[in-house]
Amino acid sequence: MSTTHYPIAIIGGGLGGLTLARVLHVNGIEADVFELEAGRNARVQGGMLDIHEDTGQDALRAARLHEQFLKRVHTGGEALRVVDRHAQVLMDISDDGNGARPEIDRSDLRDLLLDSLPDGTVHWDAKTTGARPLGSGRHEVTLADGSTFTTGLLIGADGAWSRVRTLLSDTRPAYTGISFVEMDLFAADTRHPESARLMGGGMFFALGENRGLLGHRETDGSLHIYTALRADEDWLSTIDFTDTDGAKAAVLAHFAVWAPSLRRLIAHADGALVPRLIHALPVGHHWKRTPGVTLLGDAAHLMSPFAGEGANLAMIDGADLGRAIAAHPGDVEAALAAYEAVLFPRSEKTARDSADSLELLFNDQAPQPLIDMFASFAAQ
């Protein structure tokens, strides 16, 4: 039995992998994407993303999708409000439409990328369980159904717990000390009007005592909220999240002295609460040039979300790798060397910024350090 060979195999159909496939496509280069989800509508894709001018938007220009992106941005989404644990508003910035970080629903951005690719580019329900080198830059990839294929260029765009990363690095993500619990308030203007007024139209930060409530308004009118807490790695495992009322009580216990209006964001949440440990790879994570394989996005440089760069970096990684491949036809190693020469210093700087932002948000003086940072930006 012959094994199927794909010249370029992208493992992971997130924003980074799809951006890479699109940039290759507009440059006349075929690639195949292998995604573990059963289909494009298999799960909810998450909340709002702010797309930065020099990273995410640059990637969309390389993908020839920037104008279509601008038609899908969330008007008003760049608004920002910061409050303390007493719900006192300390900063309130409106969205005048002139910002450099327009907001878009993650699912809308993903659909834009998916719809831009030829039919059959994405192989759904194709979970990668392992990969091994065959020599001369070729690799064999094994899928969960037991099938295998070979490829001349293997790209790990498969996220935090990347299978492809093990070909390049023994390093695994470590717990950052921050635990999230995610929740939603649906149809907020009608069902939760007080909470809707409290949070405003865009991003929302309520900070203090090494914890916080971070949120944003989504395009469907819901409020998406993350409770964030410095906690032991096993704290979330002590909570039964199948018991929503009990889980709310466990989280609320850590916000006992916070304003009632802030506590309501937790107490009135609709549906199940979702626990999430925040992990990161070490700042400066890199690997030796290895024939025929590289990484992008979280697989390459997983970091905490507090610099707001995760999706943006994944997309610019994908665009830069696509441009490097197009610029070095027939020379995979030259393309990968050129790409990694840009990837490593950029991701190291951003990972350091993300780690610094974690300390800025979660400390005994918060939210004042965040206010001071925004004030310094405004003064520039």
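Helix 7 (residues 244-252) and helix 8 (residues 260-267) pack at about 150°, and their axes lie 9 Å apart. This makes helix 7 roughly antiparallel to helix 8. The model is predicted: local features need pLDDT of at least 70, side-chain atom pairs count only at pLDDT 80 or more, and totals for chains, interfaces and linings use all residues. Residues are numbered from 1 along each chain as its sequence is written, and side-chain values use heavy atoms, with hydrogens and water left out.

**Terms for the helix pairs**

- Helices (H or I, at least four residues) and strands (E, at least two) are DSSP runs, numbered from the N terminus.
- Axes are lines fitted to C-alpha atoms, for helices over the stretch in contact, and angles run from 0 to 180 degrees between N-to-C directions.
- Angles under 35 degrees count as roughly parallel, over 145 as roughly antiparallel, 65 to 115 as roughly perpendicular, and the rest as oblique.

**Helix 7 and helix 8**

- The crossing of this pair is right-handed; that word applies if the near helix is turned clockwise from the far one by less than a right angle, and left-handed applies if anticlockwise.
- K248, V251 and L252 of helix 7 meet R263, I266 and A267 of helix 8, where contact means heavy atoms within 4.5 Å.
- The contact residues of helix 7 and helix 8 divide into four nonpolar, no polar and two charged.
- In this count Ala, Val, Leu, Ile, Met, Phe, Trp, Tyr, Cys and Pro are nonpolar, Asp, Glu, Lys and Arg are charged, and the others, Gly among them, are polar.

**Helix 10 and helix 11**

- The axes of helix 10 (residues 310-327) and helix 11 (residues 332-361) come within 8 Å and cross at roughly 160°.
- Helix 10 and helix 11 are therefore roughly antiparallel to each other, and their crossing is right-handed.
- Helix 10 makes the contact with L313, I316, D317, D320, L321, A324 and I325, and helix 11 with A335, L336, Y339, V342, L343, R346 and T350.
- By class, the residues of this contact are 10 nonpolar, one polar and three charged.

**Helix 1 and helix 4**

- Helix 1 (residues 15-26) and helix 4 (residues 106-115) have axes that come within 9 Å and cross at roughly 25°.
- That angle makes helix 1 roughly parallel to helix 4.
- L15, L18 and T19 of helix 1 are in contact with R106, L109, R110, L113 and L114 of helix 4.
- These residues divide into five nonpolar, one polar and two charged.
- The crossing of helix 1 and helix 4 is left-handed.

**The cavity**

- On a 1 Å grid over the protein atoms alone, a cavity is a set of points where a 1.4 Å probe fits but cannot get out, and lining residues have an atom within 4 Å of a point.
- Grid points are joined across faces, edges and corners, and a volume is the space filled by probe spheres set on the points.
- The count comes to one cavity of 30 Å³ or more, and the largest cavity has a volume of about 40 Å³.
- L281, P282, G284, H285, H301, L302, S347, E348 and A351 line the largest cavity.
- Helix 11 gives the most to this lining, with three residues.
- The lining has four nonpolar, four polar and one charged residues.

**Backbone exceptions**

- Most residues other than glycine have a negative phi, and most peptide bonds are trans.
- D125 is not a glycine, yet has a positive phi of about 55°.
- D125 lies in the loop between strand 7 (122-123) and strand 8 (128-135).
- A366 and P367 are joined by a cis peptide bond, with omega about 10°.
- P367 is in the loop between helix 11 and helix 12 (368-379).

Conventions
On a 1 Å grid over the protein atoms alone, a cavity is a set of points where a 1.4 Å probe fits but cannot get out, and a pocket is an open set with protein on both sides within 12 Å along at least five of seven lines; lining residues have an atom within 4 Å of a point.
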